[in-house]
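Me: I've got a model open and would like to talk it through. Can you take my questions one by one?

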Amino acid sequence: MHAVKEPPVAPPDGPPHPEAGLILFAHGARDPAWAGPFERVAAAVRAERPELAVSLAFLEFMAPDLPAAGAALAAAGCRQVTVLPLFLGVGGHVRKDLPHLLERLRTRHPTVQWHLAPAIGEDARLVEAIAGIAVATAPPFSDRNRGLGR
């Protein structure tokens, strides 16, 4: 993980006194445009679940990081916060880094119940959606593709 100087964290987007929060946790990148799809996901969640305080947090390169996003949700009054890793695969970041970061949040904010959801790539609905896009993107099948039309 790389240290990044972070700007002050604004309160999470959502209701003025939320009881529950959701942190969408992504890897982060040096290119700010990389975060665009994740920002759109966060906006869609906010629109669908206006009662939630929704924050987008990053492991590295971008702000806020998970401790800062979690602290902002706790300060806003959230008593339950779920962290949803927006990772397709469960590698070292999800298995090792994330539990360590979550334990720090539990220690620093003991009045908040912190929940860790499975990585989004483990959800069959996402796998199905990606497969559907792949199938729709592939060239159409014909006997010629098999070499039978020669």
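**Rings, folds and a pocket**

Of the 150 residues of the protein, 33% count as buried, where buried means under 20% relative accessible area, exposed over 50% and partly exposed in between, with a 1.4 Å probe and protein chains only. The model is predicted, so to speak of local features takes pLDDT of at least 70 and side-chain atom pairs count only at pLDDT 80 or more, while totals for chains, interfaces and linings use all residues. Residues are numbered from 1 along each chain as its sequence is written, and side-chain values use heavy atoms, with hydrogens and water left out.

Me: In what order do the elements of the protein run from the N terminus on?

Reply: Helices (H or I, at least four residues) and strands (E, at least two) are DSSP runs, numbered from the N terminus. The protein has four helices and four strands. From the N terminus on, they run β-α-β-α-β-α-β-α.

Me: How many aromatic pairs are there?

Reply: Rings of Phe, Tyr and Trp (its six-membered ring) pair if their centres lie within 6.5 Å; planes under 30 degrees apart count as stacked, over 60 as edge-to-face and the rest as tilted. By this rule, the count is three.

Me: Which class does the pair of Phe25 and Phe87 fall in?

Reply: Phe25 sits in strand β1 (residues 20–26) and Phe87 in the loop between β3 (80–85) and α3 (92–108), 62 residues apart. Phe25 is buried at 1% relative accessibility, and Phe87 is buried too, at 10%. Their rings are 6.0 Å apart centre to centre, with 35° between the planes, and the pair is tilted.

Me: And why is the pair of Trp34 and Phe38 tilted?

Reply: Trp34 is partly exposed at 29% relative accessibility, whereas Phe38 is buried at 17%. Trp34 and Phe38 form one aromatic cluster with Phe58. The ring centres of Trp34 and Phe38 are 4.5 Å apart, and the pair is tilted because the planes lie at 35°.

Me: How many charged residues are in the lining of the largest pocket?

Reply: Of the 15 residues that line the largest pocket, those closest to its centre are Val41, Leu84, Leu86, Ile120 and Leu126. By class, the lining has twelve nonpolar residues, no polar ones, and the charged ones number three.

Me: What share of contacts with a separation of 6 or more joins residues 24 or more positions apart?

Reply: Contact means heavy atoms within 4.5 Å. Among contacts in the protein with a separation of 6 or more, the share from residues 24 or more positions apart is 80%.

Note on methods:
1 Å grid on protein atoms, 1.4 Å probe; cavity = no way out; pocket = protein on both sides within 12 Å on 5 of 7 lines; lining within 4 Å. Nonpolar A, V, L, I, M, F, W, Y, C, P; charged D, E, K, R; others polar.
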